[in-house]
Amino acid sequence: MAPALANPGPNGNGAPPALVVDGGAASRTALEEPFLGVIIAHETVNVSTRFDSRLEKLEVEVGQRVHAGQVLARLDTRSLRQDLAAAEASLQGSRAEEQAARLALSEARAKKARYFTPRSLELGVYSQEELDKVRYEESTANARLRAARSQTLQRSAEATELRQNLDDATLVAPFDGVVAAKLSSPGARLAAGQPVLKLLGTGGWKVRFAVPEDAARRLQTGGPVEVKTVQRGLALDGTVESVAPEVDSAARLVFATATFNQPPPPEVSTGMVVHVRPGPSQQLGGRGTGGSAPTGATP
């Protein structure tokens, strides 16, 4: 006699229908929701100093368009010029010392050649003490020349660095752009690396957006995205440029960037808020596989 099945179905016997669970539903929902982003300049740089200095003058205003190589600011060069003059004087002294050491070595070698001829050594013209003294004089002259050369190289490097700093005291635009912000004021003391101006490039825009951690795992570099501006409702096509390899620990978000496939219209500018949606191929790539829970039977 066959055992009766527990939890019979609607017809009175047999197992109930299996419960199917879609493990990728949450991931698809995350990918289908738009990501919040902002349009930024393709190139952005803080123009800064290479050495400790004082800001003498700003040549541009916020919002002004500039071209590559244009002067943006000037640093105070009075102390630099004084240091360079002193370094060049020291360099001249080192070169003179090197020349004198070279002549002394030449004389010491000529004297050694006279003392150490085969004939003189054979006849014992000079005593051992005199021969040792000649060797010592040559060795000393050689050491003096090496020290003078080292000093010349060091002072030459110092003068070269000061000349470079003098050139770098004029801050220029590295690319065509717009002055976004003044970060220092004339007269301010600046440490090496301290920014003076913020420059946004005009060579194009891109989008920086935040992605939930789960969705970021399925966002592929080079994949298509749809970008829609919140303010004007402009729809634009783009391509994922990069996805950060780490998760922001506070927000549990991953930051990514995308470039536009075509130059955006003139009304698009930096700072505009956008919604970013993955393209169809990205959404398909984000789907997980479903699964079904096993059905149990009670004997």
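A: In this predicted model, the buried residues of α2 are L80, L84, A87, L91, S94, E98, A101, L105, A108 and Y115. What covers them includes α3 (118–123) and α4 (128–168).

Helix α2 itself runs over residues 78–115, which makes 38 residues.

One of the buried residues, E98, deserves a separate description. E98 lies in helix α2, and its relative accessibility is 14%. Buried means under 20% relative accessible area, so E98 counts as buried. Leaving aside neighbours within four places in sequence, E98 is in contact with L145, A148, R149 and T152. With T152 there is also a polar contact: the two side chains are joined at 3.0 Å.

The view from the other helix can be taken at R144, which is placed in α4. R144 has a relative accessible area of 35% and is therefore partly exposed. Not counting residues up to four places away in sequence, R144 touches E97, A100, A101 and A104. Of these, A101 is also among the buried residues of α2. The C-alpha atoms of R144 and A101 are separated by 6.0 Å, although the two residues are 43 residues apart along the chain.

Definitions and conventions: Residues numbered from 1 in each chain as written. Predicted model: local features only at pLDDT ≥ 70, side-chain atom pairs only at ≥ 80, totals over all residues. Heavy atoms only, no water. Helix = DSSP H or I, 4+ residues; strand = E, 2+ residues; numbered from the N terminus. Expected span 1.5 Å × (residues − 1). Buried < 20%, exposed > 50% of the residue type's maximum accessible area, 1.4 Å probe, protein only. Contact = heavy atoms within 4.5 Å. Polar contact = N/O pair within 3.5 Å; in protein donor to acceptor, adjacent residues only side chain to side chain.
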